[in-house]
Amino acid sequence: MFLSVFDVFKIGIGPSSSHTMGPMSAANRFLELILSDDWPRPAGAHVAALQASLHGSLAFTGIGHGTGRAVILGLMGEAPNTVDPDRMDAIIEEVERSGRVTPPGHPAYEFQPKSDLVFDKKQALPGHANGMSFSALDKDGRLLLKRIYYSIGGGFVVTDTELAAMRATKDTAGGDRVPYPFATARQMLEMSHGAGLSIAQMKRANELTRTSAQALDEGIDAIWEAMNGCIDRGLKVDGIMPGGLKVKRRARAIHDRLNEEWRSNRPNPLLANDWLSVYAMAVNEENAGGGRVVTAPTNGAAGVIPATLKYFLHFHEDATKDDIREFLLTAAAIGGIIKHNASISGAEVGCQGEVGSAAAMAAAGLAAVMGGSPEQIENAAEIALEHHLGMTCDPIAGLVQVPCIERNALGAVKAVTAASLAIKGDGTHFVPLDACIETMRQTGNDMSEKYKETSTGGLAVNVVEC
């Protein structure tokens, strides 16, 4: 089982990896398909117009998550990792004004967002809660091509046929082509002992089958640079976040107060928690505002891992660039196991799959750079995930703001606590990480759809203002 560190950590935009980045990428894929020979194009037929429909969670919370905007941007040829957040409004306004999308390398296609982009709350698609379809028509309105895509969490997008193949094979393709193809935590520990390597070293060896050492290190460094840049931006900006809830950004004000305490040397028994929280909140306030963010493993949980790593760097002045790489490689290894055996999608298993997974990954990474053994690292991940089991995804008004921003702060605090507990033990513990992951999967399957990113239950319906 191989899932690259660059699949787990993807640079994109907010507010959601599954509801923003995924649909944008799906639109990109559909445009590529139109230009390809991979579909039965009728002789003499030309695509003149496009249509799209959103289903399931994408329909219920798509407005709050910016899903419609993401589809329009994607059909204009914009990609999550390269789109300029400062230009997005102007691009969308041009499409709405002209009734056309003009992706590079394509002719102009008719596309009226008000009529050609449908939020279908009545019909869910069978493969996944985050389903969408794209259609291409000729000038007379005849259907030429239609494809269904699913946004399965963390920015990953698959077609309906790809999803079926993944489930049939449990996504093991490529596992036999890496030196350490661990698909479970148990296999990870067995391979680590057999090879005499750390989890990060095994993950690095797997990555080096796909890229050079220099490219791997530069790529990981770029991921941290993007994460750290997101923290820095979030600590400098204040004001009201978009979406209508009128939720204020708080990270900058909290950060200013923490700096005052830091300079004055006033005792603060909650200092570590405060720094963790403000770093996480800075990231998720940026995400809520549609800024540049890194899936970790999703946008909704993007603050936990950067906050935990920033905390480590803040309080460990001797930390090196190699520590950052070890942290992120270890976290990616745990994230790959979770995604392979359960889910990182809030629409599939609730927020336990997003913030819970992020906390497990962060705890593992922190335990690794604190000198933990493979058993202690696995224990740290299990502790963090176990205490997120059952967590629902019920964003108010479908916006990734309440309770999502504070939830990342608490996820980071749990991650540090989990790593600390694990490091103080010898690695032996009662509940294996694999059992905890399986419990999360089962809990997600049993969870009502109201609590899986549809904003039809929980906090989303129990706050008077909404």
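**Exercise 1. Which residue in S8 is the bridge partner of Gly153, and how many bridges join S7 to S8?**

Solution. In this predicted model, Gly153 has Phe156 as its bridge partner in S8. Strand S8 covers residues 156-159 and runs antiparallel to S7, with four bridges between the two. The strands form a hairpin that leaves two residues between them. In that turn Gly154 takes a positive phi of about 70°. Phe156 has a further contact: Lys10 lies over the face of its ring, 3.7 Å from the ring centre.

**Exercise 2. In what sense do S6 and S7 pair, and which residue of their hairpin takes a positive phi?**

Solution. S6 and S7 pair in the antiparallel sense, over seven bridges. Ala136 stands opposite Leu145 of S7. Five residues lie between the strands of this hairpin, and Gly141 has a positive phi near 85°.

**Exercise 3. Classify the ring pair of Phe134 and Tyr149 from its geometry.**

Solution. Begin with the distance: the ring centres are 5.9 Å apart, and the cut-off for a pair is within 6.5 Å. Next take the angle. The planes stand at 75°, so the pair is edge-to-face, since planes over 60 degrees apart count as such. Then place the residues: Phe134 belongs to S6 (residues 130-137) and Tyr149 to S7 (residues 143-153), 15 residues apart. Phe134 and Tyr149 are both buried.

**Exercise 4. Classify the ring pair of Trp262 and Trp275, and decide whether each residue is buried or partly exposed.**

Solution. The centres of the two rings are 5.9 Å apart and the planes are at 85°, so this pair is edge-to-face. The pair links helix H11 (residues 251-264), which holds Trp262, to helix H12, which holds Trp275, across 13 residues. For burial, the cut-off is under 20% relative accessible area. Trp275 has 2% and is buried, whereas Trp262 has 39% and is partly exposed. Ring pairs also join these two residues with Tyr279, Tyr311 and Phe315 in a cluster. Over the ring of Tyr279 sits the charged end of Lys310, 5.9 Å from the ring centre.

**Exercise 5. What span should helix H12 have, and what is the distance between its end C-alpha atoms?**

Solution. H12 runs over residues 271-288, which is 18 residues. The expected span is 1.5 Å times one less than the number of residues, so H12 should span 26 Å. Its end C-alpha atoms are 25 Å apart, in agreement with that value. Of the 18 residues, 14 are buried. After the helix comes Gly290, with a positive phi near 80°.

Definitions and conventions. Residues numbered from 1 in each chain as written. Predicted model: local features only at pLDDT ≥ 70, side-chain atom pairs only at ≥ 80, totals over all residues. Heavy atoms only, no water. Buried < 20%, exposed > 50% of the residue type's maximum accessible area, 1.4 Å probe, protein only. Phe/Tyr/Trp six-rings, centres within 6.5 Å; stacked < 30°, edge-to-face > 60°. Lys NZ or Arg CZ within 6 Å of the ring centre and 35° of its normal. Pairing = 2+ DSSP bridges.
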